[in-house]
Amino acid sequence: MNRLTALSIASLYILFETLDMKAQEDYRFDFGGGIGMTGYLGDANTANLWQHPSWDVEVLFRYIATPRWNFKTNFYVGGLSGNSADMTNVFPDNNSYKFSTTFYELGEMAEFHFFNYGMGETYRHLKRFTPYITGGLGLTAWSVSGHGGVAFTIPLGLGVKFKLRERLNLGLEFLMKKTFTDRLDGPDLADPFGIKSSFMKNTDWYSTLTFTISYEFSKRCATCNYKD
């Protein structure tokens with residue numbers, strides 16, 4: 001009877017250890033995509049970011065460095081538009097300008113979670129939900145009225161993540177993107193007041209508000225009990 005009891009305790013211990021190891025598995029990478037809306041601020045819209053909202057689609061790939069830090073590569077395709085006739089400002093000779101374009105953006109971002117993000121591993125105080133801040137560097141290409149351009153951008157923003165299941169993540173992210181160009185809204189709006197802007201001082205910004213879903217893969221340590 002004592003041997004049977006000992007075997008039962010040992011079996012339960014092995015079972016709980018196995019479940020605990022499974023709960024503690026984590027992954028190196030995260031891949032997914034999202035859809036959302038864009039806004040524009042520039043010479044054709046100086047006040048209301050959402051005056052002429054448009055669309056965006058995102059594909060993303062993350063390296064999960066730690067529960068607090070992720071590094072993301074993202075590719076956006078989206079639309080931007082504006083119409084100076086909606087503004088109170090008046091251009092010389094009462095001219096008005098409008099534009100629309102499709103942009104393509106490749107970016108590298110760092111994400112810092114406010115909480116240790118994940119499931120399981122209670123000793124690490126993991127949370128299924130976390131807000132985060134993010135920033136990085138991007139490269140954007142566009143074309144307006146047959147005039148194309150490429151410029152660097154600095155995206156800065158914030159977001160929230162929720163772990164729906166162990167490897168499935170939902171997210172909502174808002175980014176404002178400073179562009180190093182004054183021609184995002186077309187050549188007609190590059191210098192509407194006859195005042196030249198420098199490389200650093202321009203008026204073209206755009207934003208993305210994107211809902212994402214992503215899936216984690218590649219176990220951090222599939223054949224041993226050590227995690228780097």
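User: What share of the 228 residues in the chain is buried?
Analyst: This is a predicted model, where local features need pLDDT of at least 70, side-chain atom pairs count only at pLDDT 80 or more, and totals for chains, interfaces and linings use all residues. Residues are numbered from 1 along each chain as its sequence is written, and side-chain values use heavy atoms, with hydrogens and water left out. Buried means under 20% relative accessible area, exposed over 50%, and partly exposed in between (1.4 Å probe, protein chains only). Of the 228 residues in the chain, the buried share is 37%.

User: In what order do the elements run from the N terminus?
Analyst: Helices (H or I, at least four residues) and strands (E, at least two) are DSSP runs, numbered from the N terminus. The chain has one helix and eight strands. Read from the N terminus, the order is α-β-β-β-β-β-β-β-β.

User: Which element gives the largest share of the nonpolar patch?
Analyst: Patch residues have over 30% relative accessible area and no salt bridge (a Lys or Arg side-chain nitrogen within 4 Å of an Asp or Glu carboxyl oxygen); like charges are joined within 9 Å, nonpolar side chains (Val, Leu, Ile, Met, Phe, Trp, Tyr) within 5 Å. This surface patch includes Phe-114, Ile-133 and Phe-162. Strands S5 (129-144) and S6 (147-163) are the elements giving two or more residues. The largest share, three residues, comes from S6.

User: Is Phe-162 buried, partly exposed or exposed?
Analyst: Phe-162 sits in strand S6. Because its relative accessibility is 32%, Phe-162 counts as partly exposed.

Notes: Accessible areas come from the Shrake-Rupley method with a 1.4 Å probe; for residues, only the protein chains shown count as cover.
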